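Subject: Structure for you to look over

Hello,

Here is the structure I promised to pass on. Please open it alongside these notes.

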Amino acid sequence: MAALHMSTWDRTARVVRPGARREVVPSGLLGMVIFVGTEVMFFAGLISAFTISKAGAPRGAWSLPAGQVLPLASTAVNTVALFASGALLWIAGRQYRARSPAAAQTLLAAVFLGSLFVMLQGREWVGLIGRGVTLRSSALGAFFYVIVGTHAAHAVAALAGLGVAWWRLRAGRLSYGFFLAAQTFWYFVVLIWPVIYARVYF
Amino acid sequence: MRECISSRIVFISAGLLTAAPASALACAVCALVGTRNNTWAYQAMSAMLTLLPLAMVGATVWWLTRLAARADTERPSATQHVIDHAPLGGAETYSAVAPGGASLALSEGQVRRARAVDG
């Protein structure tokens, strides 16, 4: 009889009160997580090709033309700016959840540091191109521009997303799902960078 | 018979390649396999590209499962509501009581259909 009661209730619940669909995770965030997964595999493919090519290159052939070296120290400074941007975004997220008015300023600071990273990287590129390091100059140069350039493109896209989030936050129209999606994309950009830096620059 | 031979060929080939893994190494795009360093890089990157998506899919499923379980504990589902069954005046009357106290009467048709399903 208990089974009869439960099944009766279940059917009644469906007929009389259709069960409300519940969202355990915002759709925007879930979509971004899936997208980031594909992007991780994209970068994994690039790094895989880089690693195999580097390991198979003849001795002394894996270098930049005219004895040039990749700018390790200045890129380390850029990396600090990128990590600081990620940390500020994390703080902005906490402030946003706490409905603190300081969230917009913190988010803007995170966008500024992220933009600084991209601009300093661009400055390094200009210097390298001026010294003859181009896509066609060597295999290392080609991999460097493809991998780092792809990361920079992702950084610009993520910064655009964060900029939109900041604009909507100021206007009081920012949804939690959009913020989480933009935050996730930027975390991806921040966290994939040390892997690229360690693999390509050293 | 033909299927049996095909499967034997597959098994024998797999066995040979397992016994002599160098024969299985074939970089389809760079043709650089041959040096010791490159063999190691090829195997390590193959392992990474195999395991990374599995780890990401597994982590995503685990995360979603945890979120769903948390949502379940925070909000009881409809099937957890109390069912009240009491014979009144010689006739069976069925009603369901929601947690808030609101009662929901079940029609005779609904009860009949439930009985038909439950046997």
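The buried residues of α3(A) are A:N78, A:L82, A:S85, A:L88, A:L89, A:A92 and A:Y96. Buried means that 20 or more other C-beta atoms lie within 10 Å of the residue's own; 12 or fewer is exposed, in between is partly exposed, and C-beta atoms are placed from the backbone. The cover over these residues includes α4 (103-130) and α6 of chain A. An α-helix has 3.6 residues a turn, so residues three or four places apart point the same way.

Some housekeeping. This is a predicted model: local features need pLDDT of at least 70, side-chain atom pairs count only at pLDDT 80 or more, and totals for chains, interfaces and linings use all residues. Residues are numbered from 1 along each chain as its sequence is written, and chains are lettered from A and ligands numbered from 1 in the order in which they are written. Helices (H or I, at least four residues) and strands (E, at least two) are DSSP runs, numbered from the N terminus.

Take A:N78 in helix α3 of chain A. It has 20 C-beta neighbours inside 10 Å and therefore counts as buried. Beyond four places in sequence, A:N78 contacts A:F117, A:L120 and A:Q121 (contact: C-beta atoms, placed from the backbone, within 7 Å). A:N78 and A:F117 are 39 residues apart along the chain, yet their C-alpha atoms are separated by 5.2 Å.

Now the helix as a whole. α3(A) has 26 residues and reaches 38 Å from first C-alpha to last, close to the 38 Å expected (1.5 Å times one less than the number of residues). After α3(A) comes A:R99, with a positive phi near 55°.

Next, the pairing with α6. The axes of α3 (residues 72-97) and α6 (residues 176-201) of chain A come within 10 Å and cross at roughly 160°. Axes are lines fitted to C-alpha atoms, for helices over the stretch in contact, with angles from 0 to 180 degrees between N-to-C directions. α3(A) and α6(A) are therefore roughly antiparallel (over 145 degrees). The residues of their contact divide into twelve nonpolar, six polar and no charged. Here Ala, Val, Leu, Ile, Met, Phe, Trp, Tyr, Cys and Pro count as nonpolar, Asp, Glu, Lys and Arg as charged, and the others, Gly among them, as polar.

Last, chain B. It has three helices and three strands, running α-α-β-β-β-α from the N terminus. Buried residues make up 8% of its 119 residues.

Best wishes

Key. Angles under 35 degrees count as roughly parallel, over 145 as roughly antiparallel, 65 to 115 as roughly perpendicular and the rest as oblique. Two residues are in contact if their C-beta atoms, placed from the backbone, lie within 7 Å.
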